[in-house]
Amino acid sequence: MSEPIPFTEVGILKRHPENPLLTREDVDYPCSLLFNAGIAKFQGRYVMVFRNDFGPVNRKEYVDRGFEGTNLGLAFSPDGVHWDVEPKPCITLEKARQLIAPLMPGKNPDTELRRFYDPRLTVIDGRLYMCFAVDTANGLRGGIAVTDDLDNWEVLSASVPDNRNMVLFPEKIGDRYVRLERPVDTAGGNNLNDNSARMWMSYSPDLHHWGFSQHILANSDIPFANCKIGPGAPPIRTAKGWLTTFHAVWRDNERGRNGWEKTWPKVYQAGLMLLDLESPWKLIGFCDQPLLAPTAWYETGNDVPEGNSFDGFREDVIFPGGMLLEDDGEVKIYYGAADTVECLATAHVDDLLSLCKPV
């Protein structure tokens with residue numbers, strides 16, 4: 001059982017009563033954990049691309065053999081709440097290797113690319129873009145792909161290591177595309193120094209070439225983070241600025257076991273900030289409490305209802321991956337919980353903006 005979390009959320013968001021909205025039981029192909037999805041409204045319906053880790057289905061199997069692999073699943077919804085999962089993954093590791101091969105000339109994609117995961121979706125000018133992460137033999141890279149039909153994808157760019165958690169703004173700003181990202185230092189190989197993780201912003205004229213990078217936020221700026229931070233869901237435009245979520249991690253090495261792993265000392269929370277509309281590298285509003293902190297049973301692994309088979313892989317984890325502004329002002333925030341399931345919380349946009357105090 002996990003320990004109480006050290007921070008209290010602001011209490012504005014309402015968790016959907018049908019949470020978790022998607023679990024591995026909703027998937028017809030091998031699925032252990034379904035989480036960290038990207039969500040968008042595209043061609044008249046809600047679209048979700050989710051990360052699917054497959055292999056073991058409980059702690060003992062995980063300890064014995066670990067995960068077999070990761071692919072991306074696809075689901076559709078008429079209302080953003082009730083989802084139908086397609087009968088097969090939309091991007092397998094094999095397909096990902098084919099897609100990214102043109103960006104790795106001289107490399108064998110079968111040995112170079114090891115995992116393709118953590119999708120984030122943004123619609124720009126009627127096309128659906130997906131930011132993603134890839135583990136390679138030579139570091140962790142973030143990339144961008146585009147599709148017009150959710151079947152045929154083109155990978156446009158991939159960063160140098162180590163850069164991930166990329167999200168695109170839904171429109172050009174000053175004739176340039178803009179993305180938030182989380183570059184990190186490495187302590188040799190793929191061992192990341194969590195305390196070095198900061199949020200940056202980069203610009204591009206064409207989604208292929210990126211530069212004019214600006215620092216946005218560090219964990220030292222966040223009262224409820226003493227470890228890594230980074231982007232969450234793609235930002236949404238409001239009259240007062242770009243409303244933007246981020247993930248913030250608090251580490252306590254005394255927490256011990258939480259979930260399937262031998263130790264899991266981290267608590268993942270969702271934060272909220274406001275960026276300037278014309279100069280989005282300017283932080284103009286900030287909420288000094290977590291927007292969402294793990295409290296529900298499907299986030300903490302505590303007090304699971306009788307008869308429910310929920311078994312959280314990494315307990316006390318909330319990771320926002322999608323944020324949609326509806327016509328009536330409701331904001332839907334989709335998030336992965338316990339690195340195991342996909343959930344939804346909602347609030348009115350005006351209430352969220354009121355949380356972002358001027359800085």
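Mentor: Strand β1 (residues 14-15) pairs with β21 in the antiparallel sense over 2 bridges; helices (H or I, at least four residues) and strands (E, at least two) are DSSP runs numbered from the N terminus, and two strands pair if DSSP finds at least two bridges between them. This is a predicted model, in which local features need pLDDT of at least 70, side-chain atom pairs count only at pLDDT 80 or more, and totals for chains, interfaces and linings use all residues. Residues are numbered from 1 along each chain as its sequence is written, and side-chain values use heavy atoms, with hydrogens and water left out.

Trainee: Which residue in β21 does Lys 14 stand opposite?

Mentor: β1 and β21 are antiparallel partners. Within β21, the residue opposite Lys 14 is Thr 346.

Trainee: What is the order of the strands in the open sheet of 4 strands?

Mentor: β20 and β21 pair in the antiparallel sense over 8 bridges. β1 and β19 stand at the edges with a single partner strand each, so one side of each is left without a neighbour in the sheet. The order is β1-β21-β20-β19.

Trainee: Which residue of β21 is the bridge partner of Val 331?

Mentor: β21 is mostly covered, with 7 of its 8 residues buried, where buried means under 20% relative accessible area, exposed over 50% and partly exposed in between (1.4 Å probe, protein chains only). Leu 352 touches Val 331 and Ala 347, among others, contact meaning heavy atoms within 4.5 Å. The bridge partner of Val 331 is Ala 347.

Trainee: How many residues are in the largest nonpolar core?

Mentor: A nonpolar core is a set of buried Ala, Val, Leu, Ile, Met, Phe, Trp, Tyr and Cys residues joined through side-chain atoms within 4.5 Å. Among the members that touch the most others are Leu 13, Leu 272 and Leu 352. The elements that give two or more residues to this core include β20, β21 and α5 (349-355). The core has 30 residues.

Trainee: Why is the pair of Phe 7 and Phe 224 edge-to-face?

Mentor: Rings of Phe, Tyr and Trp (its six-membered ring) pair if their centres lie within 6.5 Å; planes under 30 degrees apart count as stacked, over 60 as edge-to-face and the rest as tilted. By this rule the count comes to 18 aromatic pairs. For Phe 7 and Phe 224 the centres are 6.5 Å apart, and the pair is edge-to-face because the planes stand at 65 degrees.

Definitions and conventions:
Lists of a residue's contacts leave out its neighbours within four places in sequence.
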